[in-house]
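Hi there,

Here is the structure I promised to pass on. Have a look at it first, and then read on for what turned up.

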Amino acid sequence: MGRKGIKDKVAIIGCDMTKYGELWNKNQYDLLFEAFQGAIKDAGIKKDEVDASWVGIFYYFTGLSGAMVEDILRLDGKPSTRVENYCASGMDAFRNASFAIASGAYDVALACGVEKLMDEGGSGLPGFKQFGHPLYPTPSAPAMFSMAATRSFHEYGWTKEDLARVAVKNHDNGADHPKAHFRSRITIDQVMKAPMIADPLGRFDCCAMSDGSAALILTTPELAESYAHADDYILVKANAISCQTNFPWYVPQGGPGAEFTHFPATEKAGEYAYKEAGITNPRKEIDCAEVHDCFTITELLNCQDLQFCEKGKAAEELKNGTFNWDGEIAINPSGGLKSFGHPIGSTGCRMLTEITKQLQGRAEGRQVPDAKVGLCHNLGGAFTVCSVTVLGQRD
Amino acid sequence: MPRYLLPRDLIGKAWDFPIVPGTKAIAMEDEDSLTMAVEAGLDCLMGFDPKTVDGLFFASTTQVYTEKDSASLIATVLDMREDIITADFTDSLKAGTTAVSRAVDTIKANKDIKSILVVASDTRAPEPSTMWEYGFADGAAALLIAEGENLPLSIDDYYSVSTNVTGPWKRAGKDKFIRTYEPKMDARFYFESITKVMLEVLKRNNLKPEEISAAAYYYNNPRMHGSVSKLMKFAGGVAQNSVFFQLGDLGTPMPFILLIGAFRRPKPDAKIIMAGFGDGADAILLQVQNRDALRDLGKTRMGVLGHQKSMVSLKNYNKYLDFKEVLEKDRYTRKSSAVLIWRDTASVYKWYGVKCKSCGAIQYPDMLRSCYICRADDQLEQVKLGLKGTIFTYTLDHLVGGNYLDTPVPRCVVDLDGGGRVLLNMTEIEKPEENVQIGMRVELTFRKEHEGAEFKNYYWKCRPERGRP
């Protein structure tokens, strides 16, 4: 971290997201257009006030280069950059936009993300026949995280039922969110009996593929005083990324993450962010968090790695209600990836939009009572890239 | 030998044929002549430094390419030197014995070539619903031919005939399955050729049939085997017949496997005859030179017996059709890259990783320039990795390349004996939901991965321990 950091130098003055789902009647251009229009309306600005843009897009078929923004939004040739950093692509777009504001290079910046997955069919993330080396095994995304589940069962004594509670909680939260892809409550029994995707993860342990987009408008706190959300703009307290190996299965014993029971990327990004935000007791100081729940095991391990509870205790804490929307620290009050699906490039911006609205007291789904400080977290690749953003209310 | 056996009664039941007893050895869909040859080569070279072997001959009627040899890839995977001689001997069932004869010639004629590994391997596919199905089986065997002192067994003579047979055949580029139109004529060629070469070798060496302790000659049905033994006037128990009932007609490696089976209780100075048939025949006369050394060879590798003990029977005939890729269905494939395979040959074929000169950590593959553990830059040197290990964690992947093809695939994070952690798919596993475990011991086996770019893409997999020393 630099000597100064960006704490309290960047304000969110508007945000919005589309409905998430299998949106066959919309393309990626519709989605980003709609999220952006919602965000500038929320901020009370015209599109020409945006000085520069960063867009999170993971897949080449969603769109290449920053020119996607120009094509969709027609910003008259303003600078725009596509950001790809696995599942953290959207939050990394936000991070880059934040830096642009904090540096003074621009007055108003757009951070957004979009992904159109469902045009490619629905049986798992596309591209796994093309990625990587032609001979080394390429496990599916659920298979990667399952290897952590197998090991966590072994080390922590967790069971498939412990994982099921994550899915049940998140779908329960998501049932109340008008923009969620899935709005049905489910039972532990349903989760346990669902078909296997990658043992021990079944269908309900895995987030779905989805389409969606989200966008946020950033400016400096000084300028924020003159926009629509002058009284309740949200401040960026910290934004950190940690990158670890793409190949955790090759890390020899003793190397980072070789235990498969924690994610070093999450641990490090959390530490960086807490240091910048000045947070010393995350469990007490953070009121709500959107934590990457691509798979149920991911949420449990992330809660530990973000220091919300002790190592090995996440399943127990979850069972005790610690992570419920009205619990000690609300995890995924929106319903998470489990309810929204995971249009990869957009997810980080969706979480940031969600937490912004939570802190403003205008959550679209379940409002976490008295939420003042919130956290957003993505973990992408093979537990490779983690992005953590801490947001807080203005003074 | 592959892991699986097909009980012949399953074939009989599938087609309402008269039931024939016994089983036959069946390669899986990720095995072919080349992968089984690697397996046999690994077993044969156990305890030898592959870098000291000067050549590799591959014998098969079921070569995986018709242009592009297999011997060169087998030698690469066995981690042999580059300045060696390699050749494929193909198109005839006697290719195995022919390769042994030519190996002896080559060693005799060249002062720089002192040893040649001869590997015979076959995966002959019978046409479903024909009686060929009862016979054709899959297997491989390797013999290390060398000159030197105190060798366990000597090759004393060899003799061949060439005969233009009228069957069976496979037309180039046309026939998937073997054809013939006159099985009686085929049998006549067999009796004539195989007895002629064996009799001639006896005659040339002034040997009487009763002086032969073991005869390992190719046969494809037990009745013909007995007839040849009678024609040759071999004493009872001399003609080796241990193979057909359990393993079937193994093709080119059959004489090798019969020969290796004959070494279980070697007699001192025993004279042994090995013969192969196909468009003529070869007979090779051998003699036990060092009984203890020969017995030790058997003890320090899986050999035929170790493989036989670890084979299991398939439960249904359709699985066999699937293994043989007779059924039309989509199979997992992905992109390939000639450049990557070339650049990463040490890691992907020869099974090398790297060792950090700074902290000693062994890691895989040879791809990155900085150490995973101590982060030192450019301190990594190539190191040969072990072929056994223990599962640290795993999953059973039902979502392979976005398709549900031959799933689940066990993805295993394996800590190799001697260091290094790798990710390997598992093969030869029944009921993976019950049988794959953390802490499970596994062996590595070289297998067909996919056919991206219409190329045979091979890589290593792991399997439950079969007993490789």
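Which residue in S10(B) is the bridge partner of B:Leu153? The partner is B:Val288. Please keep in mind as you read that this is a predicted model.

That pair belongs to a wider pattern. S7(B) pairs with strand S10 (residues 280–288) of chain B over nine bridges, in the antiparallel sense. Both strands sit in an open sheet of four strands in chain B, where the order is S7-S10-S9-S8 and the pairing is mixed. Strand S7 (153–162) and strand S8 (212–217) of chain B each have a single partner strand and stand at the edges, so one side of each has no neighbour in the sheet. On average, neighbouring strands of this sheet are turned by 15° against each other, direction ignored.

A helix joins the picture here too. Helix H9 (residues 254–261) of chain B packs on the sheet and touches S8 and strand S9 (271–277) of chain B. The direction of H9 makes about 160° with that of S9(B).

Now over to chain A. How do helix H5 (residues 160–174) and helix H10 (residues 296–305) of chain A cross? Their axes come within 8 Å and cross at roughly 95°. An angle of 65 to 115 degrees counts as roughly perpendicular, and H5(A) and H10(A) are therefore roughly perpendicular to each other. On the H5(A) side, the contact is made by A:Leu163, A:Val166 and A:Ala167; H10(A) brings A:Thr296, A:Ile297, A:Glu299 and A:Leu300. By class, this contact has five nonpolar, one polar and one charged residues.

Happy exploring!

Technical notes: Residues are numbered from 1 along each chain as its sequence is written. Chains are lettered from A and ligands numbered from 1 in the order in which they are written. This is a predicted model: local features need pLDDT of at least 70, side-chain atom pairs count only at pLDDT 80 or more; totals for chains, interfaces and linings use all residues. Two strands pair if DSSP finds at least two bridges between them. Helices (H or I, at least four residues) and strands (E, at least two) are DSSP runs, numbered from the N terminus. Axes are lines fitted to C-alpha atoms, for helices over the stretch in contact, and angles run from 0 to 180 degrees between N-to-C directions. Two residues are in contact if their C-beta atoms, placed from the backbone, lie within 7 Å. Angles under 35 degrees count as roughly parallel, over 145 as roughly antiparallel, 65 to 115 as roughly perpendicular and the rest as oblique. Ala, Val, Leu, Ile, Met, Phe, Trp, Tyr, Cys and Pro count as nonpolar, Asp, Glu, Lys and Arg as charged, and the others, Gly among them, as polar.
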